[in-house]
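Subject: Structure handover

Hi there,

Here is the structure I promised to pass on to you. Please open it alongside this message, and my notes will follow below.

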Amino acid sequence: MLEMLKAAEAMVKCLENEGVKVVFGYPGAAICPFYDALTHSDIRHILVRREDNAGHSASGYARMTGKPAVCIATSGPGAMNLMTAIASAYADSIPLICITGQVSTDQIGCDVFQEVDTTGTAEPFVKYSYLIKDAAELPRIFKEAFYIAGTGRKGPVLIDVPVDIQQTMIDFEYPETVELRTYKPTVRGNGFQIKKVCEALKSSERPLICAGGGVISAKAEEELVSFAEKTKIPVVSTMMGLGIFPSEHPLYMGMLGMHGVKTANEAVSKCDTMILIGARVGDRAVRSPKFLAETTKIIHIDVDPAEIGKNMHVDIPLVGDCKNILTELSAAMDSAERADWLAELSEVKNTVPKEDETEGYVNPKMFIRKLSAKLPDKTICVADVGQNQIWTCNNFQFKKGRFLTSGGMGTMGYSIPAAVGAKLAAPEYEAVAVCGDGSFQMEMMELATIVQEKVPVKIIIMRNNRLGMVRELQTNLYEDNQTAVHIADGNPDFVMLAKSYGIEAERVSTMAEAEAAIEHLCNSKEAYLLECNVWRHESTL
């Protein structure tokens with residue numbers, strides 16, 4: 001049914017029709033008509049303190065709901081600040097709808113105040129982008145954008161809307177369906193290829209599953225666990241695949257790669273058949289893909305055909321949604337026993353890690369293990385980028401919760417805004433952000449968002465007064481020539497900073513203090529910040 005609306009009002013109606021409940025953004029003149037219309041909606045707006053954090057918060061929200069989430073910025077610098085978050089979402093296949101304001105259509109290309117080529121800038125790292133030139137096209141475009149972002153290999157879609165377009169009157173009717181002739185993602189696996197996969201697995205003595213973030217995007221966690229348990233195939237994960245399997249599951253061997261655990265990497269080196277599922281074979285996961293492909297039969301399952309064979313030779317490619325494919329594989333495969341193969345890997349897995357303590361400091365690996373043991377099963381753990389990320393990946397014991405981080409782009413400053421978005425999407429979960437003192441200072445302005453919106457996120461700062469991972473690289477590869485990594489002299493008092501926002505905070509420097517603080521953190525119902533004093537020479541692995 002047609003109704004006459006301003007285009008800005010129509011934009012809000014589009015979001016309502018898509019079931020959007022929460023959006024994240026930062027206003028400016030070029031997006032003000034949309035913001036004015038948004039005040040007449042029940043959609044909740046979360047005001048972040050930098051535009052990139054709108055994208056990161058939307059990322060956290062989308063990863064918990066599995067549906068496209070919305071972030072908003074104005075033209076020029078607002079849109080440019082958002083670009084890092086858009087690129088991060090693209091690298092990790094996170095579905096976002098990114099709405100930006102633009103200067104008036106008659107001023108585009110004139111280098112006027114706060115004008116940039118937003119769609120041109122974003123082109124390399126969006127699934128699709130729109131510069132709206134006809135307000136009447138808005139309903140169709142929004143319908144397409146949500147469909148593109150949330151299907152196939154998910155990702156961000158940008159909608160750039162000039163301010164005069166937002167103020168144009170249109171006849172509004174939201175489409176019920178969308179039909180894109182050139183966009184038809186494959187979701188069903190090819191039957192012949194599925195049969196080839198089954199034959200390869202039946203003849204394999206040492207098969208291995210490598211699960212990536214695509215399994216989570218497809219909501220195929222249960223299907224993967226069921227398939228692995230039926231076939232008794234051990235599982236390793238990429239960083240983005242952490243949390244698919246409970247850490248203590250007997251078939252799970254941990255995270256592989258340059259920062260992975262010994263069990264996972266030994267499994268990769270010894271397997272005769274590897275099934276890659278929803279993983280892109282990044283350089284951090286597989287250091288020598290050419291060598292691995294020469295010694296191992298590679299099966300690659302992915303919804304994006306462009307990923308299959310991109311970084312490594314593949315013997316059996318299989319395009320499709322892994323939820324559907326795993327269901328078909330489970331039905332086609334018989335139960336199996338692989339006692340010798342599993343026993344060999346379990347012997348390494350069950351090695352008790354060494355837990356050294358340095359006087360006056362918190363051991364971060366031991367701390368993460370103790371923290372995860374105390375947190376509820378349903379916990380969202382969000383790691384930032386740097387040493388803190390690897391400490392968390394390899395030591396947090398995942399149960400029934402979720403793990404979020406910036407994997408493909410490795411974006412510092414991701415954890416706190418993403419935790420805010422994730423907590424708003426799933427309030428029944430505990431949400432904990434782990435960051436370093438370097439990454440925290442790229443996102444500490446979001447303490448204001450946490451307070452204003454009353455989001456009870458728990459924050460852990462691993463403070464070693466260094467940009468720790470870069471310092472370690474300089475120590476190991478550049479003869480310990482440490483440059484531009486010492487941040488102690490500029491670091492604020494993080495506890496006082498948190499308290500200035502009204503957030504409860506404390507600092508610990510021993511494991512005994514840390515254990516008491518962990519209890520406090522787990523019992524708190526409000527936002528909470530815990531600073532852990534970590535030895536400056538603490539290693540990543």
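What follows is a short tour of a pocket, some salt bridges and a surface patch.

Before you start, please keep in mind that this is a predicted model.

**The second largest pocket**

If you sort the lining by class, you get 17 nonpolar, 18 polar and nine charged residues.

**Salt bridges**

Side chains of opposite charge can pair when their charged atoms come close. How many salt bridges does a search of the whole structure find? The count is 21, and a few of them are worth a look on your screen.

Take K270 and E344, whose side chains meet in a salt bridge at 3.1 Å, N to O. K270 sits in helix α11 (residues 262–270) and E344 in helix α14 (residues 339–349), so this pair ties together parts that are 74 residues apart in sequence. Both partners are partly exposed, K270 with a relative accessible area of 33% and E344 with 28%.

D493 and R507 form another salt bridge, with 2.7 Å between the closest N and O atoms. Here D493 belongs to the loop between α20 and α21 (494–500), while R507 is in strand β19 (residues 504–508), so the pair links parts that are 14 residues apart in sequence. D493 is partly exposed at 31% relative accessible area, and R507 is also partly exposed, at 38%.

There is a network to find as well: R153, D304, E307 and K310 are joined into one by salt bridges that share partners.

Then there is R50, which pairs with D52, the closest N and O atoms being 3.2 Å apart.

**A nonpolar patch**

Finally, have a look at the surface around L473, L477 and Y478, which form a nonpolar patch with about 350 Å² of accessible area together. L473 has its place in helix α20 (residues 468–477) and is partly exposed, with a relative accessible area of 45%.

Key
Residues are numbered from 1 along each chain as its sequence is written. This is a predicted model: local features need pLDDT of at least 70, side-chain atom pairs count only at pLDDT 80 or more; totals for chains, interfaces and linings use all residues. Side-chain values use heavy atoms; hydrogens and water are left out. Patches are made of residues with over 30% relative accessible area and no salt bridge: like charges are joined within 9 Å, nonpolar side chains (Val, Leu, Ile, Met, Phe, Trp, Tyr) within 5 Å. Accessible areas come from the Shrake-Rupley method with a 1.4 Å probe; for residues, only the protein chains shown count as cover. A salt bridge is a side-chain nitrogen of Lys or Arg within 4 Å of a carboxyl oxygen of Asp or Glu. Helices (H or I, at least four residues) and strands (E, at least two) are DSSP runs, numbered from the N terminus. Buried means under 20% relative accessible area, exposed over 50%, partly exposed in between (1.4 Å probe, protein chains only). Ala, Val, Leu, Ile, Met, Phe, Trp, Tyr, Cys and Pro count as nonpolar, Asp, Glu, Lys and Arg as charged, and the others, Gly among them, as polar.
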